[in-house]
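Have the viewer ready and try each task before reading on.

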Amino acid sequence: MRGVLVLIPAALFAKIVGMFYKIPLLFIVGVEGMAYFLAAYHVYSFLFVLSATGLPTALSLQISRAVAAGRGRAAGRIFFAALLLFLSLGLSGTLLLFFFAPQIAAHLAMGDAAAAIAAISPALLLAAFSGAVKGFFQGHNRMGPTALGEVLEAAGKLGFGLLFALLARRAGYDTPRVAACAVLGITAGMALSAMALLMALLCFRGERVRGKCDLPPYRQLFSELVRVALPITLGAAMMSAVSLLDTALISARLQTAGFPAEIANAMYSSYGNLAIPLYNLVPSLLAPVTLALMPLLGAAVQQKNRESAGATLTSALRISALFAIPASLGLSFFARPLLELVFYGQSDAIAVAAPLLSVLALSVLPASLVTLTGGALQATGHTLLPVLATGAGALVKLVVESVLLVHPRFLLMGAPVSTLCCTLTVLLIEWIALSRVCPFALSPKNLLRPLLATMPALLLGGALYFLLRLRVGDSVLLMPLVLFVVCAALLFFALGFRAVEKNDLCALPMGEKLCLVLEKYKLIK
């Protein structure tokens with residue numbers, strides 16, 4: 001819980017900045033330009049997964065196991081070996097994006113996105129370095145540097161991205177080059193984050209040399225890192241590749257269905273820049289639960305402490321369900337007013353995105369649980385299972401999407417429907433696998449109680465929103481009041497249905513005093 005409480009505010013800040021910074025960008029760059037922005041970002045994300053996603057997780061697991069076994073100095077050598085591997089992959093990705101940007105853009109059916117792809121290429125090298133440092137600190141159960149890096153990255157992306165895009169627009173650049181300048185803000189934000197993490201690493205140097213002097217050879221370290229990281233990377237890369245294929249598939253299939261290229265790109269931009277960020281918000285905010293879980297679970301497995309592993313996983317599952325279930329149902333129910341609140345002034349894009357978000361929001365719960373169950377399987381040594389589950393889900397998504405995107409009754413609705421089919425497939429496979437590994441950690445009440453608490457809160461919020469609309473008409477100011485009422489009601493019903501347990505609250509700062517107050521009023525036991 002300490003790790004989660006450090007990471008979640010940083011993740012919340014980063015996601016809010018990432019979502020709201022697209023609002024002025026939509027006005028500066030335009031809906032068509034944001035399609036090029038999104039195409040470049042999806043290419044970057046795919047290579048980022050290959051170079052800096054699985055390896056940080058593997059590094060944190062290796063370091064946490066070394067520390068748990070009392071091999072403190074070995075952690076420094078593990079980090080140095082990982083850093084060499086990270087930088088090699090990051091540099092390769094940077095060179096690939098920079099020199100082959102036109103060819104990549106052509107394969108995505110967006111030739112004008114080439115400049116944006118080249119502009120984001122240096123971010124891969126910077127992200128590789130940052131991923132190594134974050135993995136090192138996470139292995140020591142220190143989440144502060146990771147949180148600091150995310151905050152600075154988001155702040156830099158916001159400030160530099162808007163500044164560069166505005167200057168480019170005032171200079172009279174065309175839309176593709178304005179989009180490239182906006183993307184350049186991501187690179188600048190990553191550079192700011194990397195510098196801060198470097199300073200944190202230098203300050204931590206004296207502490208990391210403690211412990212025994214048993215130093216494994218570099219060949220063994222490389223082998224162990226690749227062995228652990230490869231399945232994690234493959235699993236993440238599959239979903240990132242699906243997002244990348246979405247960029248080409250959605251636009252191409254819509255053009256096949258008869259839409260002009262400009263309209264197809266605008267429709268894809270409405271879906272990708274409005275609906276997708278709101279959908280990704282909750283799974284991204286709950287990702288810190290998995291980041292904090294994996295080193296602890298890995299250490300418990302190393303020490304063969306089955307009771308500690310089960311308690312850790314149970315608490316993480318309960319916390320994830322408590323946030324993901326209300327978010328999934330609430331986002332589906334209030335899709336249009338939330339989009340109008342966040343992206344005020346983009347009425348045409350909202351008209352396209354709102355029905356898509358209503359369906360896509362149903363994937364929030366399974367997507368959040370997939371992150372948790374996949375991380376738990378990896379931490380317990382079953383690294384191949386999430387890869388197989390993700391591969392099955394990706395195959396389902398591509399087949400469903402390819403068919404529905406050209407079906408006259410579905411068209412763009414095929415994208416969120418295919419995402420829902422994908423996440424449900426992955427979750428089902430991982431849940432079955434994890435139930436065999438830790439059956440005591442997957443009690444149905446961890447999902448049932450948050451669901452029972454959510455339904456009356458949403459009904460109350462829906463009734464209030466309907467009455468307020470009858471009284472004052474449509475207004476973006478209605479949604480903040482309704483959200484406040486829903487959240488307050490959700491907290492009350494969560495305590496009433498015992499969706500929150502005493503152990504969860506006691507892990508919070510001042511949690512024991514809070515429990516005493518709640519016990520006094522018989523709200524918890």
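**Exercise 1.** Is Ser269 buried or exposed?

*Solution.* Before we start, note that this is a predicted model, where local features need pLDDT of at least 70, side-chain atom pairs count only at pLDDT 80 or more, and totals for chains, interfaces and linings use all residues. Residues are numbered from 1 along each chain as its sequence is written, and side-chain values use heavy atoms, with hydrogens and water left out.

Step 1: read its relative accessible area, which is 1%, so Ser269 is buried (buried means under 20%, exposed over 50%, partly exposed in between, with a 1.4 Å probe and protein chains only).
Step 2: look at its surroundings. Leaving aside residues up to four places away in sequence, Ser269 is in contact with Val31, Met34, Ala35 and Leu274 (contact means heavy atoms within 4.5 Å).

**Exercise 2.** Describe the aromatic cluster formed by Phe333, Phe334 and Tyr465.

*Solution.* Step 1: recall that a pair of aromatic rings is described by the distance of the centres and the angle of the planes. Rings of Phe, Tyr and Trp (its six-membered ring) pair if their centres lie within 6.5 Å; planes under 30 degrees apart count as stacked, over 60 as edge-to-face and the rest as tilted.
Step 1: the structure holds seven aromatic pairs. One of them joins Phe333 and Phe334, edge-to-face, at 4.8 Å centre to centre and 90 degrees between the planes.
Step 2: compare exposure. Phe333 is exposed at 52% relative accessible area, whereas Phe334 is buried at 4%.
Step 3: turn to Phe334 and Tyr465, whose ring centres are 6.1 Å apart with planes at 80 degrees, so this pair is edge-to-face too.
Step 4: Phe334 lies in the loop between helix H12 (306–333) and helix H13 (335–342), and Tyr465 in helix H18 (residues 445–472), so their pair ties together parts 131 residues apart in sequence. Tyr465 counts as buried, with 13% relative accessibility.

**Exercise 3.** Where in H14 does the kink lie?

*Solution.* Step 1: locate H14, residues 347–360.
Step 1: the kink, about 35 degrees, is at Ala353, shortly before the proline Pro355 (the bend at a residue is the angle between axes fitted to the seven residues ending there and the seven starting there).

Conventions: Helix = DSSP H or I, 4+ residues; strand = E, 2+ residues; numbered from the N terminus. Expected span 1.5 Å × (residues − 1).
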